[in-house]
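Hi,

Here is the structure I promised to pass on. Have a look at it first, and then read on for what turned up when I went through it.

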Amino acid sequence: MSVSLPIKRSSRVRTLRMFGMGLSFSLMLASALTIIAILLLVLGIIIKNGAPGLSWGFLTQPPTNGFESGGIFPAIFGTVALVLIMTIAVMPVGVITAIYLHEYTRSSSLVARLVRLSVNNLAGVPSVVFGLFGVGFFIQFLGTGIDQAFYGGALTFGQPALVWAALTLALLTLPVVIVTTEEALRTVPQELRDASLALGATRVQTLVKIVLPQAIPGMLTGAILAISRGAGEVAPIMLTGAAYYLPYLPSKLNDQFMELGYHIYILATQSPDVEKTLPILYSTVLVLLLLTFLLNLSAVALRSITRAQMR
Amino acid sequence: MPPASSPPVTGERIPIIPRRTAFQPPSRPWWSRVHDPLSRSVFFTVALTAVVAVLFIFVFVGKESLPVLLDETVMQEASLEKFFTPQVYKAGKEPQLSWQPVSKIPKYSFVPLVVGTLKVTFIALLFAVPLAILAALFSVEFAPRLIREIVKPLVEILAGIPSVVLGFFALMILAPHLKDLFGFESQLNAVVAGLAVGIAIIPIIFTVCEDAFTSVPPTYREASIALGADRYQTALRVVLPAALPGVFAAAVLGFGRAIGETMIVLMASGNAAILSAVMSDSVRTLSATIAAEMLEVVNGDVHYSVLFFMGTLLFTTTFVINLLGDLYIRRLRARLGGK
């Protein structure tokens with residue numbers, strides 16, 4: 001940085017400086033506006049083309065006529081079933097991990113650092129690698145193991161299935177749940193814990209009766225964010241259980257299933273006639289977008305409500 | 001004072017209050033003595049899930065790729081040497097680097113895929129990094145509170161858009177328009193995929209940068225202003241350099257995301273394994289190759305092991321990159337911490 005004694009500035013320096021100010025300001029402003037414009041453009045195009053096709057029938061009917069007409073009910077059903085099982089699997093593990101990290105150990109302890117490191121890395125693992133892991137561990141190792149132990153080697157769980165896709169997604173969304181829950185636990189004042197312990201409550205009683213009730217909205221936020229993330233992931237589930245088309249709805253844990261994101265991928269890249277399926281494709285994208293958007297919105301709202309309560 | 005239990009000295013009878021009734025707190029159930037240590041160990045075990053998961057990913061993805069490194073017959077077809085060096089497939093022909101896993105003579109060269117991945121990543125970073133850094137700087141240093149409160153949730157919404165939707169956007173809208181604009185020979189290419197991946201990684205770069213800029217202590221800015229610098233000079237020459245490790249971490253994390261991004265490149269890159277430096281050629285990336293070919297391989301096949309090896313490679317790379325990002329964030333904290 002040049003240090004000039006600003007006693008008397010030549011007008012040239014001042015002009016240069018004004019120019020620099022203007023340039024840097026407009027560059028920064030333009031960058032911010034570009035990002036917003038991209039977002040609005042993506043949303044705008046999808047809403048404009050997708051909205052006309054939305055109807056009750058579209059949401060409640062199966063696709064017909066080679067995806068050219070009908071609805072996307074099986075995909076919605078599959079997505080809901082998938083994220084439901086995923087949530088059941090991820091919530092206890094995520095919440096307990098966060099509780100352990102925040103309530104039971106100092107953040108400088110070796111275990112805490114190790115867990116944090118793993119969580120950070122888990123969050124950065126490419127989603128397709130999760131898919132490979134689902135194939136290698138859940139399907140080949142666990143699934144085949146279960147088949148040999150309980151089904152006499154008959155192919156039952158050792159193949160792509162709803163439960164394996166859900167568990168793979170659970171692993172993928174684990175970091176989201178841990179981070180949000182820990183954040184929620186952090187907002188519970190330490191005095192409450194101290195008071196409870198001083199009155200003779202055990203740690204578990206303090207946790208269950210004092211800390212967790214306060215942290216419930218935060219944990220819900222975590223669940224919602226995890227669902228929104230899980231509902232949008234395609235790469236892991238296309239390797240572990242999603243199906244191109246199924247004439248029936250999945251009813252067992254080891255059934256395959258249709259899913260919104262995968263349906264979009266199929267319609268966009270493998271459709272027999274892209275022009276004819278395009279309106280349906282747009283509407284499907286809009287449904288997925290609305291789903292994740294509403295979920296994220298409710299998470300944001302929930303979080304701001306909790307923050308307001310804490311003040 | 002004599003202890004309460006000592007016998008009274010005089011003949012006067014003093015009622016002896018049984019100790020237990022007066023001040024004893026309500027008795028705890030028997031399990032309360034057990035459940036604290038018990039729950040601690042249960043919670044500890046559950047908390048290790050994340051650690052075990054990372055370990056298992058490495059072990060189980062790595063395990064399936066072992067034949068490529070150990071099995072003699074598999075290595076005739078696919079080995080490290082075949083992955084990364086030019087191979088002569090037909091006597092008298094030039095040695096080549098090509099990825100054709102399902103031809104009569106399977107060719108497993110990673111080079112076109114690695115180059116493809118780097119091309120897409122390069123475009124993505126070129127697009128996203130400056131945009132996100134400048135926007136974050138704007139949001140922290142100059143934007144009025146109101147604008148800041150609008151920009152942040154918008155970026156969060158952008159982060160929430162599933163990558164398959166961005167892939168769809170790139171495939172259906174971006175690709176045809178860019179083709180008209182620049183006259184690309186192939187409609188789906190590294191530029192289209194790179195831009196879409198760029199959109200996908202803007203949020204993480206923005207967020208990490210914003211954190212870095214906010215964590216620069218206000219005293220830095222005050223000192224700069226006091227020395228006669230204006231707000232712009234302060235932002236660009238004081239705040240930005242002070243937060244540089246954080247900005248670098250943001251770029252590194254963005255890089256990690258970009259090389260692992262799957263659905264966007266699968267849909268918008270054209271998926272042709274062409275080895276070239278031209279950005280407007282179709283490309284095939286590592287992640288897209290795994291996603292596309294995993295569904296068609298026979299379990300336990302050479303091709304199957306090769307794809308898992310590719311996954312191991314991808315996992316190891318992102319793992320190292322994430323560690324690096326972590327390191328730089330910690331360095332930023334150390335630099336700005338102090339107090």
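**What I found**

In chain B, 74% of the contacts with a separation of 6 or more are between residues 24 or more positions apart. Keep in mind that this is a predicted model. The predictor gives the complex an ipTM of 0.88 and a pTM of 0.86. For chain B the mean pLDDT is 85, and 90% of the residues score at least 70.

Chain B is built from 15 helices and 2 strands. Its radius of gyration is 31 Å, while the globule rule gives 20 Å for 339 residues, so chain B is more spread out than a compact globule. Along the principal axes, its C-alpha trace spans about 125 × 65 × 35 Å. Of its 339 residues, 43% are buried.

Now chain A, which has 11 helices and 2 strands. Reading along the sequence you get α-α-β-β-α-α-α-α-α-α-α-α-α. Here the radius of gyration is 25 Å against the 19 Å that the globule rule gives for 311 residues, so chain A is also more spread out than a compact globule. Its C-alpha atoms fill a box of roughly 90 × 65 × 35 Å along the principal axes. In chain A, 44% of the 311 residues count as buried, and residues 24 or more positions apart account for 75% of the contacts with a separation of 6 or more.

Chain A is divided into domain 1 (11–51) and domain 2 (56–310). How far apart do the C-alpha centres of these two domains lie? The distance is 35 Å. As for contacts, 5 residues of domain 1 of chain A meet 5 residues of domain 2 of chain A. On the domain 1 side, 3 of these are nonpolar, 2 are polar and none is charged.

**Where the chains meet**

The contact between the chains involves 68 residues of chain B and 67 residues of chain A. On the chain B side, helix H3 (residues 49–70) gives the largest share, with 11 residues. By class, that side has 46 nonpolar, 14 polar and 8 charged residues.

**The core**

The largest nonpolar core has 190 residues. Which residues have the most contacts inside it? They are Ala170(B), Ala196(B) and Ile205(B). The largest share of this core, 18 residues, comes from helix H9 (residues 190–214) of chain B. Domain 1 (11–51) and domain 2 (56–310) of chain A both give residues to the core too, so it lies between them.

Leaving out residues up to four places away in sequence, Ala196(B) touches Leu166(B), Gly167(B), Phe169(B), Ala170(B), Leu174(B), Ile264(B) and Ala268(B).

Have a look at H14(B). Of its 9 residues, 7 are buried, so this helix is largely enclosed by the rest of the structure. The buried ones are Leu286(B), Ser287(B), Ala288(B), Thr289(B), Ile290(B), Ala291(B) and Met294(B). Their cover includes elements from both chains: helix H5 (127–150) and helix H9 (235–240) of chain A, and helix H6 (111–142), helix H12 (244–260), H13 and H15 of chain B.

Tyr328(B) sits in helix H15 (residues 302–336) of chain B. Is Tyr328(B) buried or exposed? It has 22 C-beta neighbours inside 10 Å, and the cut-off for buried is 20 or more, so Tyr328(B) counts as buried. Beyond its neighbours within four places in sequence, Tyr328(B) is in contact with Pro245(B), Phe248(B), Ala249(B) and Val252(B). Ala249(B) is 79 residues away along the chain, but the C-alpha atoms of the pair are separated by 5.4 Å.

Last one: Asn271(B), in the loop between helix H13 (263–268) and helix H14 (286–294) of chain B. Most residues other than glycine have a negative phi. Asn271(B) is not a glycine, yet its phi is positive, at about 55°. With 19 C-beta neighbours inside 10 Å, Asn271(B) counts as partly exposed.

Cheers

Definitions and conventions
Residues are numbered from 1 along each chain as its sequence is written. Chains are lettered from A and ligands numbered from 1 in the order in which they are written. This is a predicted model: local features need pLDDT of at least 70, side-chain atom pairs count only at pLDDT 80 or more; totals for chains, interfaces and linings use all residues. A nonpolar core is a set of buried Ala, Val, Leu, Ile, Met, Phe, Trp, Tyr and Cys residues joined through C-beta atoms within 7 Å. A residue is buried if 20 or more other C-beta atoms lie within 10 Å of its own, exposed if 12 or fewer, and partly exposed in between; C-beta atoms are placed from the backbone. Helices (H or I, at least four residues) and strands (E, at least two) are DSSP runs, numbered from the N terminus. Domain bounds come from an automatic or database domain assignment. Two residues are in contact if their C-beta atoms, placed from the backbone, lie within 7 Å. Ala, Val, Leu, Ile, Met, Phe, Trp, Tyr, Cys and Pro count as nonpolar, Asp, Glu, Lys and Arg as charged, and the others, Gly among them, as polar. pLDDT is the predictor's confidence in each residue, from 0 to 100. The radius of gyration is taken over C-alpha atoms; the globule rule is 2.2 Å times the number of residues to the power 0.38.
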